[in-house]
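Q: I would like to learn how to read the sheets, helix contacts and ligand surroundings of a model. Please take the features one at a time.

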Amino acid sequence: EQLSTTPHIAIVPSPGISHFTAFTEFAKRLVHRHSFSITFVIPNDGSLSKAQQSLLGSLPPSIAHVLLPPVTLDDLPAETTRIETIIALMLARSLRNEVRRLQKSTRLVALVVDFFGTDAFNMAEEFSVSPFLFFPGAAMCLSLFLHLSTLDEAVSCEYRDLPELVKIPSYIPVHGRDLLEPVHDCHNDTHKWVLHHARRCRLAKGILLNSFEELEPKVIEYLQGEELSKPLVYSVGPLVNIKQSSKSDGSECLKWLDEHPKCSVLYVSFGSGGTLSYDQIQELALGLEMSEHMFLWVMRTPNDIAAEAAYLARDSQNEPFEGLVVSLWVPQAQVLAHSSIGGFLTHCGWNSTLESMLNGVPLFAEQRINACMLTQDIKVALRPSADPESGLVGRDVIPKVVKRLMRGEEGKRIRNRMKELEDAAAKVLGEDRSSTRALSELALIWKAKLKNQPH
Ligand code: UDP
C-alpha cells in the first residue's frame with residue numbers, strides 16, 4: 001500500500017482542557033504553515049469534556065484524534081491513585097499499539113508529549129521517531145524543572161520552609177513557598193511524579209515552549225544556550241485559542257458585558273478547575289462586594305468541601321452581589337477581548353496569562369510562581385498579600401487592590417505595559433518573527449527525518 005508523502009506527528013496531550021487548547025493551536029499552526037498531518041492520541045477516563053469535544057470538532061481534517069482505549073486500573077487503590085499515576089499507566093499500557101498503528105499507516109516522524117507523558121519517550125526510540133516535549137508553561141518554569149533534580153539534592157527540608165530564596169537558573173530568586181504547589185511538598189506523591197518527569201524532560205530531542213522571546217528574553221536565551229547539555233528549546237508561543245465558539249451560557253455574559261462602559265468590569269476566574277477553598281470564596285465575595293466595582297465572576301465548586309459547595313450554589317442564585325456571577329463555562333477568550341473588561345483577577349494559569357496578554361488586560365494576580373513573575377519581573381500584575389496564618393486573601397485586602405488596578409495611576413502603568421506586550425505577542429507570530437521562525441526550524445528537522453525513512 002502506498003503511504004502518503006505527508007509527514008505525520010503523533011501528539012499525546014494530558015487530559016486537562018487548558019493544555020489541550022495550547023496543543024490544538026500548535027497543531028493548527030503546524031498544519032497550516034508546514035502541511036503536516038497530525039493525530040492526537042488522547043489519554044482519558046472514558047469520556048471527554050464538552051469543551052474538549054467542541055475543540056476537537058473545530059479542527060481541520062488533517063488533524064485526527066483517537067481516544068486511548070480504557071485500561072483496567074482495578075489493581076490500583078481507587079481513592080489514593082492520583083491523575084499522574086493514571087496517565088503514566090495509560091501510556092504504559094495502551095499507547096504502544098497506537099504508535100505502532102500510526103507508524104504502519106502514516107509517515108510518522110515525531111512523537112510530541114505533554115509534561116506528564118515523558119514515559120512515552122521509550123516508545124519513540126523503539127519505533128525510531130523523534131521524542132519531543134511540548135511544555136505548557138512559562139520559560140521560567142521550564143528552567144526550574146530542568147534544574148529541579150539538582151535543587152532537590154541540595155534541599156533537605158520542605159521548599160516552603162526554606163529560609164533562603166530559591167535560585168532558578170537565569171531568573172530572579174523566589175520564595176520556596178511560591179514554587180508550584182506539587183513542587184514545594186517533597187513528601188507528596190505528585191512531587192515524586194514531577195521530579196520523575198522533570199528528569200526525563202532531558203531525554204527529549206527538543207522542547208517546544210509556549211512563550212516568546214520578548215516576554216522572557218533572559219530565560220529563553222539561557223535555555224537556548226549551547227553550553228548546557230539539554231534538549232534544544234523552541235519558543236513557539238503565545239499559542240492560545242483566541243476565537244472560541246460561543247455557547248449559550250457564554251453569549252448571555254457577553255450580552256451583559258455589552259451593557260457596560262469601556263474598561264469598567266473586573267473579570268474574576270481561576271481556570272478550568274476548582275482552585276479556591278470555600279473560605280477563600282467567601283472572603284472574595286465579601287471583598288468584591290465591598291469594592292463596589294462591577295465584576296464578572298466565573299464561580300467553580302470550592303476545592304475542599306463538597307457539601308458546602310452545594311449550599312453556595314443555592315446562595316448564588318439569589319444574586320447577592322453587585323456584579324454577575326456565572327457558575328458555568330464562559331468563552332474566556334471572548335470575554336477578555338471584550339472592551340468593557342478592564343482587569344482580570346486570576347490564579348495565573350499560564351493560558352489565562354497569555355490570553356490576557358493578547359488582549360492587553362492587566363492582571364490582579366492571586367498566587368504561585370507565575371504571580372511572582374508577573375508582578376516582580378514582567379510587571380503587569382498586582383498581587384494581594386495573603387494572611388500568613390490562614391493563607392487566605394482577606395476581604396479587606398481585595399477592595400484596595402481592585403481600586404489600585406482599576407482606578408489608580410499604578411493600574412494605568414500596568415495597562416500600558418500590558419499594551420506593549422499585546423503588540424509584541426501579536427508580532428512574534430507574524431511572518432519571519434521569532435516564534436514563526438522557531439516553528440519553521442522544527443518543521444525542517446521533522447521533514448528531514450522523513451527523507452531518511454526507508455518507505
Ligand atoms: N476557560 C474558559 N472558560 C472558563 C474557564 C476557563 O474558556 O469558564 C479556559 C481559559 O480560557 C484557559 C483555560 O480554560 O484557556 C484555563 O487555563 P489556565 O492555564 O489559565 O488554568 P488551568 O485551568 O490550567 O488551571
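Q: What is the strand order of the open sheet of seven strands?
A: Strands of a sheet pair through backbone hydrogen bonds, in a parallel or an antiparallel sense. Here the open sheet of seven strands runs in the order 3-2-1-4-5-6-7, and its pairing is parallel. Helices (H or I, at least four residues) and strands (E, at least two) are DSSP runs, numbered from the N terminus. Two strands count as paired if DSSP finds at least two bridges between them. The model is predicted: local features need pLDDT of at least 70, side-chain atom pairs count only at pLDDT 80 or more, and totals for chains, interfaces and linings use all residues. Residues are numbered from 1 along each chain as its sequence is written.

Q: How many bridges join strand 2 to strand 3?
A: Strand 2 (residues 37-42) runs parallel to strand 3, and five bridges join them. As an example, V41 has V66 in strand 3 as its bridge partner.

Q: What is the order of the open sheet of six strands?
A: The order is 10-9-8-11-12-13, with parallel pairing. Strand 10 (324-326) and strand 13 (381-382) are the edge strands, each pairing on one side only. Within this sheet, strand 8 (residues 265-269) pairs with strand 9 (residues 295-298) in the parallel sense over three bridges. Y267 has L296 in strand 9 as its bridge partner.

Q: How is a helix contact read, and at what angle do helix 1 and helix 2 cross?
A: Two packed helices are described by the angle between their axes and the distance between the axes. The axes of helix 1 and helix 2 (residues 50-57) come within 10 Å and cross at roughly 5°. That is why helix 1 counts as roughly parallel to helix 2; angles under 35 degrees are roughly parallel, over 145 roughly antiparallel, 65 to 115 roughly perpendicular, and the rest oblique. I17, F20, T21 and T24 of helix 1 make the contact with A51, Q52 and L55 of helix 2. Residues are in contact if their C-beta atoms, placed from the backbone, lie within 7 Å.

Q: At what angle do the axes of helix 10 and helix 15 cross?
A: Helix 10 (residues 278-291) and helix 15 (residues 397-406) have axes that come within 7 Å and cross at roughly 50°. Helix 10 is therefore oblique to helix 15. On the helix 10 side the contact has L284, G287, L288, M290 and S291, which meet V397, I398, P399, V402 and K403 in helix 15.

Q: Where is E292 found?
A: E292 lies in the loop between helix 10 and strand 9. Its phi is positive, about 55°, although E292 is not a glycine.

Q: Which residues does the cis peptide bond join?
A: The bond joins G237 and P238, with omega about 5°. P238 is in the loop between strand 7 and helix 9 (248-258).

Q: Which residues come nearest to the ligand?
A: Of the 18 residues around the ligand, S18, G271, Q332, G349 and S352 come nearest. A residue belongs here if its C-beta atom, placed from the backbone, lies within 6 Å of the molecule. Helix 1 (17-34), helix 12 (332-337) and helix 13 (350-358) each supply at least two residues of the shell. Helix 13 gives the most, with four residues.

Definitions and conventions: Axes are lines fitted to C-alpha atoms, for helices over the stretch in contact, and angles run from 0 to 180 degrees between N-to-C directions. Two residues are in contact if their C-beta atoms, placed from the backbone, lie within 7 Å.
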